[in-house]
Amino acid sequence: MKITRWYRWLVIAAVVMVIAVALRLCGFGQEIETQSPGEEIDATLTLQTVTLEQPDEDGQLLWKLKADSVNYSPDSQRAELKNLEGEFFQDGEVTYIVEADEGEVRQNGEVLYLMGNLVAASPERELVLESERLKWLPKQDRLVMGEFEEGQFEAGEFEAIDAPVVLHDSGVENLAETAFPIESAVEQPVEASLASFEAPPVKGFNEQVEAVAKIMTVLSADNRVELSGGVIAKSKAEPWMTFTSQSLVWLTEQAEIEANQPLKVEQYEEKTYQTLTDRVSGNEGRVDLAENVVTLQDAVRLDALTQPLRVESELAVWDVDAQQVVMDSPVQIIQPQQRVNASADKANVDLGKEIIYLTGNVRAIGEEKDSRLTADQVRWQTGSQDVEATGNVTYVQARDPDVSLVGTRAVGNLDRGTVVVTGGEGGSERGGQVSIEIVPDE
């Protein structure tokens, strides 16, 4: 049976019910006579293998569903569907192909609820959503999936449920303030981080990204997916990255992820997501999935876990493919194993070559020999601890031996405590070049 308009289907259902009641009155009078006066006649109508269609005011389809059975109750003005499949439309075009175990049609077809083994696939954007609950508001172009409350989204507003998913021991609530132990974090299994992928309230994925959250709201016309209630997403191709936040926006056509609250981006060595290599976090950020560029701002922190190294700033742009992190605002750097701290106006971190380029008011402190190096620019090889400083160089070392030098250029090694300073002021009466090498006592 195919019904082409929702109200027409209701009328037909009502007519059939009237006929059914009349037959019972005429043909089964003896049975009626035996009923008690207070006993009501069941007014529920059940139809088998029905196709329901709902057009808008212009006659364009909003949705079409085919179900094995439809149970309609005029008292509640709801239709209950079993084993259904169908299509959702916008402007006459198919936006989603859906299937589910059960469904309900409410408010004269303006609200649909689907439940159980839900799959909603968008053929145009190759986006697939999986969950146990779905709400479709066709006139608002709003599809909601996950653990939403019954009255949510009726008026079209987006209301997140605040229920964070714990992704590490520290969770994600105070992401920018969390002190990650970088000394022993060279290999951190990610099972705890990705545990929510095992049985998520709702999962969404395309060829680039797979994401899980408590609630996903999709606005088809804007190619916009809003995720909330503790979100983690991961890339489905190299570079292997995860994106964690309490809520974020996924722009599927633009291939971007945006977050206006703490966002954490992590890179892993391989597809198994077992070996964590680099982590960047900030209070808000954006990810260009097409170019693999991450931009974070406000309380930004970079953890290069294989070195290990920590860099803090207010702005960072991470080109993941090039393994470059540019920080064009004052930076603080900590290398805990070597007990070295540094600061500068700007920094460019080459994660692949393990080199940091520091620019403007550079100041480095080595705790091992109580040394201080200042310069306009410094090239710091964090693996070997080789440094090259240029411009207004000063080097002060409190012990092994005790020295203080000034020059235009310095080259040395922080681990060995050797420094060569050139271009100093005290080499001769005529200001000729000086080369001084500092070698620690045996």
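Q: Which residue's backbone oxygen does the side chain of Gln381 reach at 2.8 Å?
A: The model is predicted. In it, the side chain of Gln381 makes a polar contact with a backbone oxygen at 2.8 Å. The residue that supplies this oxygen is Lys353.

Q: How far is the backbone oxygen of Glu354 from a polar atom of the side chain of Gln381?
A: Gln381 touches Lys353, Glu354, Ile355 and Asp386, not counting residues up to four places away in sequence. With Glu354, a polar atom of the Gln381 side chain faces the backbone oxygen. The distance is 3.3 Å.

Q: Is Gln381 buried or exposed?
A: Gln381 is placed in strand 25, residues 371-381. Its relative accessibility is 18%. The cut-off for buried is under 20%. Therefore Gln381 counts as buried.

Q: How many of the five residues of strand 11 are buried?
A: Strand 11 covers residues 215-219 and is mostly covered. Ile215, Thr217 and Leu219 point one way, while Met216 and Val218 point the other way. In a regular strand, side chains alternate between the two faces of the sheet. Residues on both sides of strand 11 are buried, and the count is five of five.

Q: Which residue stands opposite Ile215 of strand 11?
A: Strand 8, residues 142-146, pairs with strand 11. The sense is antiparallel, over four bridges. The residue opposite Ile215 is Gly146.

Q: Which residue of strand 12 stands opposite Thr217?
A: Strand 12 spans residues 224-235 and pairs with strand 11. This pairing is antiparallel too, over five bridges. Opposite Thr217 stands Glu226.

Q: Which residue in the turn between strand 11 and strand 12 has a positive phi?
A: The two strands form a hairpin. Four residues lie between them. The phi in question is about 50 degrees, and the residue is Asn223.

Q: How many residues apart in sequence are the parts that Lys139 and Glu57 tie together?
A: Lys139 and Glu57 form a salt bridge, with the closest N and O atoms 3.2 Å apart. Lys139 sits in the loop between strand 7 (127-137) and strand 8, and Glu57 in the loop between strand 2 (45-55) and strand 3 (61-73), so the pair ties together parts of the chain. Their separation in sequence is 82 residues.

Q: Which residue of this pair, Lys139 or Glu57, is exposed?
A: Lys139 has 48% relative accessibility and counts as partly exposed. Glu57 has a relative accessible area of 66%. The cut-off for exposed is over 50%, so the exposed residue is Glu57.

Q: What is the N to O distance in the salt bridge of Arg279 and Asp303?
A: Arg279 lies in strand 16 (residues 276-282) and Asp303 in strand 18 (residues 293-304), 24 residues apart. Arg279 is buried at 1% relative accessibility. Asp303 is buried at 0%. Their side chains meet at an N to O distance of 3.7 Å.

Q: Which residues are linked in a network of salt bridges with Arg279?
A: Asp303 bridges to Arg279. Asp303 also forms a salt bridge with Arg301, with the closest N and O atoms 3.0 Å apart. Both Arg301 and Asp303 are buried. The residues networked with Arg279 are Glu266, Arg301 and Asp303.

Q: How many salt bridges does a search of the whole structure find?
A: Lys139 and Glu57 form one of them. Arg301 and Asp303 form another. The search of the whole structure gives 15.

Methods: Residues numbered from 1 in each chain as written. Predicted model: local features only at pLDDT ≥ 70, side-chain atom pairs only at ≥ 80, totals over all residues. Heavy atoms only, no water. Buried < 20%, exposed > 50% of the residue type's maximum accessible area, 1.4 Å probe, protein only. Polar contact = N/O pair within 3.5 Å; in protein donor to acceptor, adjacent residues only side chain to side chain. Contact = heavy atoms within 4.5 Å. Pairing = 2+ DSSP bridges. Salt bridge = Lys/Arg side-chain N within 4 Å of Asp/Glu carboxyl O.
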